[in-house]
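Colleague: I'm new to this one. Can you walk me through it?

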Amino acid sequence: MKNNIRVERAIKDMTQADLAEAVSVSRQTINTIESNKYVPSTVLALKIAKVFNKPLEEIFMLEDTD
Amino acid sequence: MRLKYLFPYWCRFLGWGLVILHVPLSILGRAQGMTNIMDPQPHDQGIFGGEHLFFICTTLLMSAGLFLVAFAKEKLEDEQISHIRLDSLRWAIFINYLVLIISLIFIEDVPHMLELNLWVPLIFFIIRFRWVIWRLNQSLKREA
C-alpha cells in the first residue's frame, strides 16, 4: 500500500511531529508509514484521513502487488 | 489497538533494578556455599529451606525482573509498538523452542534446561524488541 502523507503534510504545512500528535502515535510510526515500511491499522488510517479532511482513498492507495 | 495487561512504564526500571540486585545476592550466596535447588545435587531442605530461599532470592528475582522489563509499557504506546511487541514475542518463542529441541536431543541436564527455558524467551524478546525500536530511532535521526 502506498500513501501520499508526505505531500498532504507539505500542503498543510505540518511536521511529522504535528501529525503524530494529532493522531496520538509516535513520530517513528508516522515516519515508517510515510516510507511504506509499516501499514497502519484501519483506525489509524481513518484518523490520518480525518486530519487532512480527505477521503481515505485519496491518501492511501493499493499497489499492484497488494 | 490498545494492549491491556501491560505494566506501567516505571516497572521497566524496577525490573532492571531486580535483575541487577540478583547479581550480588547470587555471588554472596555462592560464596557462603549455598546451592541452588536447580543444581545437580541439592541438599534437601524442603520448601522454604535455605536452598529454596536462595533460589527465590536469585533465580526468581531475575525472572521477575526480566518479566517486568519485558512487559512494561513504552512511554508512548502506539499500534506500531504493539506490532513490534507481538512480532518479537513470536521470534522469542521460535528461538526458545529451537534451543529447547536441540538441548533435548543433546543435553541430559534437565534442571539446567529448565533454567535456560526460564531466561531464553524473555532475554531474546527484550533484545529483539529494543533492537527494532533502536533501529526505528536511528532511521528517524537519519531523516532529520
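Modeller: Here is a quick tour of the contact between the chains and then the pockets. Keep in mind that this is a predicted model.

Colleague: How many residues does the contact take from chain B and from chain A?

Modeller: Chain B gives ten residues and chain A gives 15 residues. The two chains bury about 1,100 Å² between them. Carbon and sulfur atoms hold 47% of that.

Colleague: Which three residues supply more of the area that chain B buries than any other three?

Modeller: Glu79(B), Gln80(B) and Leu140(B). They supply 47% of the area that chain B buries against chain A.

Colleague: How many salt bridges are there across the interface?

Modeller: The rule finds zero. Polar contacts are there, though: seven residue pairs, both partners at pLDDT 80 or more.

Colleague: Which helix of chain B gives the most to the side that touches chain A?

Modeller: Helix 4, with five residues. Helix 3 (79-106) and helix 4 (110-143) each supply at least two. By class, that side of chain B has three nonpolar, four polar and three charged residues.

Colleague: New topic. What volume does the largest pocket have?

Modeller: About 320 Å³. It has 14 lining residues, and those closest to its centre are Lys37(A), Gln80(B), Val132(B), Arg135(B) and Leu136(B). Helix 4 of chain B gives the largest share of the lining, seven residues.

Colleague: And what lines the second largest pocket?

Modeller: The lining includes Ser26(A) and Gln28(A), plus Leu136(B) and Asn137(B). This pocket's volume is about 150 Å³. Helix 4 of chain B again has the largest share, here three residues.

Definitions and conventions
Residues numbered from 1 in each chain as written. Chains lettered and ligands numbered in written order. Predicted model: local features only at pLDDT ≥ 70, side-chain atom pairs only at ≥ 80, totals over all residues. Heavy atoms only, no water. Contact = heavy atoms within 4.5 Å. Buried area = accessible area lost by both parts, 1.4 Å probe. Salt bridge = Lys/Arg side-chain N within 4 Å of Asp/Glu carboxyl O. Polar contact = N/O pair within 3.5 Å; in protein donor to acceptor, adjacent residues only side chain to side chain. Helix = DSSP H or I, 4+ residues; strand = E, 2+ residues; numbered from the N terminus. Nonpolar A, V, L, I, M, F, W, Y, C, P; charged D, E, K, R; others polar. 1 Å grid on protein atoms, 1.4 Å probe; cavity = no way out; pocket = protein on both sides within 12 Å on 5 of 7 lines; lining within 4 Å. Points joined across faces, edges and corners; volume = space filled by probe spheres on them.
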